[in-house]
Amino acid sequence: MKKISGIILFLVTTFALGACGNGDAAESNDQLAAIKESGVLKVATSADYAPFEFHTIVDGKDQIVGSDIDLANAIADELGVKLELSDMSFNTVLASLKEGKVDVAISAISATEERKEQFDFTDNYYNPPQVLVI
């Protein structure tokens with residue numbers, strides 16, 4: 001259990017520091033300070049990719065849950081801020097981040113070379129196997 005907690009803490013810290021936009025260290029620190037000052041971590045997601053993020057009914061209310069959402073909650077807790085999720089189509093998740101409407105995008109996003117030119121990515125925390133079915 002301690003090993004899992006340590007890995008989660010490492011991922012949370014890495015994600016929080018790496019997902020605050022694309023730019024130099026001073027810009028990232030400014031964004032982190034702005035998040036802490038506002039008291040809210042704004043996260044964009046496309047909640048249609050279980051088990052990472054998906055809608056479910058909890059206590060009679062529609063909620064977004066999944067492993068990516070658990071990670072976002074852990075980051076918000078680590079920063080001492082409230083989590084604000086914005087559910088949108090996958091095509092607008094990165095656009096919202098680029099436009100500054102959200103602080104973080106988390107939606108099982110692959111770190112392609114093209115995307116790496118525009119955004120900072122964390123280390124991969126899940127590497128899906130690629131298979132060919134004939």
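The questions below concern a predicted model of one protein chain and the reasons for the terms used to describe it.

User: What makes strand 1 and strand 5 count as a pair?

Analyst: Strand 1, residues 40–45, and strand 5 are joined in the parallel sense over six bridges, and because a pair requires at least two bridges, these two strands qualify. Within strand 5, serine 86 is the residue that alanine 44 stands opposite.

User: Why are strand 5 and strand 6 said to stand at the edges?

Analyst: The open sheet consists of three strands with parallel pairing, in the order 5-1-6. Strand 5 (82–87) and strand 6 (104–105) each have a single partner strand, so one side of each is left without a neighbour in the sheet.

User: Why is the set of residues that includes Leu41, Val43 and Leu79 called a nonpolar core?

Analyst: The name applies because a nonpolar core is made of buried residues of listed kinds, Leu and Val among them, joined through side-chain atoms within 4.5 Å. The largest such core has 13 residues, and Leu41, Val43, Leu79, Val81 and Leu83 have the most contacts inside it. Helix 2 (25–38), strand 1 and helix 3 (67–79) each supply at least two of its residues, with the largest share, five residues, coming from helix 3. There is also a second, separate core of nine residues, including Val93, Val102, Ile109 and Phe119.

User: Which residues does leucine 41 contact, once its neighbours within four places in sequence are left aside?

Analyst: With those neighbours excluded, leucine 41 is in contact with Ile35, Ala72, Ile75, Ala76, Val81, Lys82, Leu83, Glu84, Asp103 and Val104.

Definitions and conventions
Residues are numbered from 1 along each chain as its sequence is written. This is a predicted model: local features need pLDDT of at least 70, side-chain atom pairs count only at pLDDT 80 or more; totals for chains, interfaces and linings use all residues. Side-chain values use heavy atoms; hydrogens and water are left out. Helices (H or I, at least four residues) and strands (E, at least two) are DSSP runs, numbered from the N terminus. Buried means under 20% relative accessible area, exposed over 50%, partly exposed in between (1.4 Å probe, protein chains only). Contact means heavy atoms within 4.5 Å.
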